[in-house]
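Subject: Structure handover

Hi,

Here is the structure I promised to pass on. Please have it open while you read; my notes follow below.

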Amino acid sequence: MADMKAYHAERDDLRRDRIAVGTRHMLLQHMPAGTKLRLSEVKELFQRMR
């Protein structure tokens, strides 16, 4: 939740991408091995949870 809030508060695209990459990495640690999760999917998740 904190990452999502930080993502929406950030105006710099590069910093937003870094937040999304970190979230992607964290999510993949809790998903079955071999699961694919694109950065664009994490960004879409942030938008939907807004």
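In helix 2, the residues Arg16, Asp17, Ile19, Ala20, Val21, Thr23, Arg24 and Leu27 meet helix 3. On the helix 3 side, the partners are Leu39, Val42, Lys43, Leu45, Phe46 and Gln47. By class, this contact has 8 nonpolar, 2 polar and 4 charged residues. Keep in mind that the model is predicted.

Now the geometry. Helix 2 covers residues 13–29 and helix 3 covers residues 39–49. They pack at an angle of about 100°, and their axes are 9 Å apart. Helix 2 is therefore roughly perpendicular to helix 3.

Next, the core. The largest nonpolar core has 7 residues: Met4, Tyr7, Ile19, Ala20, Leu37, Val42 and Phe46. Helix 1 (2–9), helix 2 and helix 3 each give two or more residues to this core. Ile19, Ala20, Val42 and Phe46 belong to the core and also take part in the contact of helix 2 with helix 3. Leaving aside residues up to four places away in sequence, Met4 touches Phe46, Met49 and Arg50.

Finally, the chain as a whole. The protein chain has 3 helices and 0 strands, in the pattern α-α-α along the sequence. Its C-alpha trace spans about 35 × 20 × 15 Å along the principal axes. Buried residues make up 20% of the 50 residues. Of the contacts between residues at least 6 apart in sequence, 38% join residues at least 24 apart.

Best wishes

Key. Residues are numbered from 1 along each chain as its sequence is written. This is a predicted model: local features need pLDDT of at least 70, side-chain atom pairs count only at pLDDT 80 or more; totals for chains, interfaces and linings use all residues. Side-chain values use heavy atoms; hydrogens and water are left out. Axes are lines fitted to C-alpha atoms, for helices over the stretch in contact, and angles run from 0 to 180 degrees between N-to-C directions. Helices (H or I, at least four residues) and strands (E, at least two) are DSSP runs, numbered from the N terminus. Angles under 35 degrees count as roughly parallel, over 145 as roughly antiparallel, 65 to 115 as roughly perpendicular and the rest as oblique. Contact means heavy atoms within 4.5 Å. Ala, Val, Leu, Ile, Met, Phe, Trp, Tyr, Cys and Pro count as nonpolar, Asp, Glu, Lys and Arg as charged, and the others, Gly among them, as polar. A nonpolar core is a set of buried Ala, Val, Leu, Ile, Met, Phe, Trp, Tyr and Cys residues joined through side-chain atoms within 4.5 Å. Buried means under 20% relative accessible area, exposed over 50%, partly exposed in between (1.4 Å probe, protein chains only).
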